[in-house]
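Open the model in your viewer and keep the selection tool at hand. The stops below go one chain at a time.

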Amino acid sequence: MARRFDIRAQPGFATIAMITFFLLYLPIVTLVAYAFNAGNSIAVWEGFSLRWFVSAANNDVVQQAALRSLIIAVFAATISTTVATMAALATTRTRPYRGLTFKYAFINQPLMVPEIVTAVALLIVFSRIKVWTGYSGLGYLIAAHTAFCIPFAYLPIRARLEGMDLTLERAAADLYATPWMTFRRITLPILRPGIVAGFMLAFVISLDDVVITEFVKSGGQDTLPTYMLGQLRRIVTPEINAIATVFLALSVAIVTAFFFLNRKKA
Amino acid sequence: MASAQESARIAEREDIRNRWLLSAPALVIIFLAAIGPLFIMLAYSFMAKGDYGDVKFGQFSLDGWFSVFLQRDIFDDTVSLADAHLTIFWRSVRLSLMTTFVTLVLGFPTAYFIATRPQNRREVWLFLVTIPFWTNLLIRTFAMQEVIRNEGILNTALMMLGVIKSPIQILYTDTAIMFGMVYVYLPLMVLPLYAAMEKLDFRLVEAGYDLYAGRFQVLRRLIIPLVKPGIIAGSILVFIPSLGAYVTPRVLGGGKNMMLGNLIELQFGQGRNWPLGAAISITLMVVVMTALLIYVRGAARAGTDNNG
């Protein structure tokens, strides 16, 4: 019997799709596999071992870089999510008003300019401020990260707000709730999944950043990604694979959580 | 009546004022740590370069912009095209176009494959595309480096299959950069393509077959025109970051095969020519913004066409 004619099928498409998925995962799987290599090489397999995870965990420089990455990401994600929530409240559920388009463009600007361009512009400005003020702490990195995290935090919060109508808030106001109470008891709880999603996106984006960090950081302020970038210039041991694997696991965990969070909403 | 109107107008004005206050923190942060510095960089591009990097503050000069495409002979002052820069410009454009093309060739069937799965399976396939997208770009580039290096999986596999006798040098070539960018930006092509294909009305495809169109004809005359907005969106989303790529060419190009991002870095590092670096940055930004603007205009027009 002839196979039923499937109008959706296109010859070869499924094969190419499988090749694509293979190509997408082959490098990542290789990278993770060699993190468990007992030998010193990232090309020759010499048996299973966790020694590189141990050595990465005991490496002071790695510890400090990881801690720095986390501090920056926590600050940047918290601040950007807070201001993005406010901005989202200010730009949704309203008739178009003068300046609304301007606000959209402004908030999304960090997505539109190539990162390297923002990076050198920040280098120019911050290097001068560093000379003027003598301050060269993490503040610059936190400020830069906060700025480019804002659009990522803003998008899911805005999407969530657009799906909410004003009925409940009006009802609260009718029952003599103050605007602040209405916000605390009504708006914020309904908005929470959007805010959590925005925070997680901002956190991952901050954690992953290489380019802007590389140009803004002062001496001895390596984050985990810039540390890895520096290491790639030398002879690479599986220690880098081990660090990358842990990093990868963390990102995947956050993205998976984000995925399920969004799915529940739908 | 008039006073009711009056108070409504006052309430609206107050609402708009509150909305500005509410969005002010976000706008101020973006201005201070993203947009403002771009204007300062524009000013820097018109200053004379300092002897050890930085600029001679307030000293006007067009040398930075002059050197973007031109160079002056140090002996006889003749002006000629800056070949080194043009090579890098051309490499950036060429590699970005090739990357866009390859991601389209791989991404189109992939997105189509996902869009034609049963509803409940699509999410899983889509999730598989998103995971690499959200993992660190540097890590993905590094992973690609391990695959294509001389002792890497690719060369080992080819040698075992007997296709080649000795490893081919891929790492630190233009090809390596392109492989890396294809790998890194592929999800950016698949996602908008999928979004367009998900909405595809397969009754039209059925009608095509009823009218004796072949598979290829249906693809070329029906599916591709219908998902064209997705193709354009995906191409723009891949082309733009490719043009401004910095990490991938640095890691896979190995310093010699520079792209624009690396040329910019060079001017702020060893090159010690900040005005030139600023001028190249602004050139790159203008090219990217123009591409985006053309795309947004086109998307807006396509949107009104569909609705009206």
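**Stop 1: chain B, its spans**

Select residues 218–240 of chain B: the chain there is 96% helix and 0% strand, with end C-alpha atoms 31 Å apart. Helices here are DSSP runs of H or I with at least four residues, strands are E runs of at least two, and both are numbered from the N terminus.

Before going on, note the ground rules. This is a predicted model, in which local features need pLDDT of at least 70, side-chain atom pairs count only at pLDDT 80 or more, and totals for chains, interfaces and linings use all residues. Residues are numbered from 1 along each chain as its sequence is written, while chains are lettered from A and ligands numbered from 1 in the order in which they are written.

Now select residues 176–197 of chain B. This span is 100% helix and 0% strand, and its end C-alpha atoms are 31 Å apart. Both spans carry the UniProt feature "transmembrane region" (unreviewed entry), which is also placed at residues 20–47, 95–115, 124–143 and 276–296 of chain B. UniProt positions follow the numbering used here, feature names are shortened, and annotations may be inferred rather than shown by experiment.

**Stop 2: chain B as a whole**

**Stop 3: where the chains meet**

Display both chains. The contact takes 66 residues from chain B and 67 residues from chain A. Two residues are in contact if their C-beta atoms, placed from the backbone, lie within 7 Å. Which helix gives the largest share of chain B's side? Select helix α1 (residues 2–44) of chain B: it supplies 17 residues. Chain B's side divides into 49 nonpolar, 11 polar and six charged residues. Ala, Val, Leu, Ile, Met, Phe, Trp, Tyr, Cys and Pro count as nonpolar, Asp, Glu, Lys and Arg as charged, and the others, Gly among them, as polar.

**Stop 4**

Select residues 66–258 of chain A, listed by UniProt as "domain: ABC transmembrane type-1" (unreviewed entry). The span is 80% helix and 0% strand.

Pick helix α3 (residues 60–91) and helix α6 (residues 139–162) of chain A. Their axes come within 6 Å and cross at roughly 45°. Axes are lines fitted to C-alpha atoms, for helices over the stretch in contact, and angles run from 0 to 180 degrees between N-to-C directions. α3(A) and α6(A) are therefore oblique to each other. Their contact has 18 nonpolar, six polar and one charged residues.

(Under 35 degrees counts as roughly parallel, over 145 as roughly antiparallel, 65 to 115 as roughly perpendicular, the rest as oblique.) Residues meeting here include A:F152 and A:P156 in α6(A), and A:G198 and A:A202 in α8(A).

Last, view α3(A) with α8(A). Their axes come within 8 Å and cross at roughly 140°. By class, the contact has 10 nonpolar, six polar and no charged residues.
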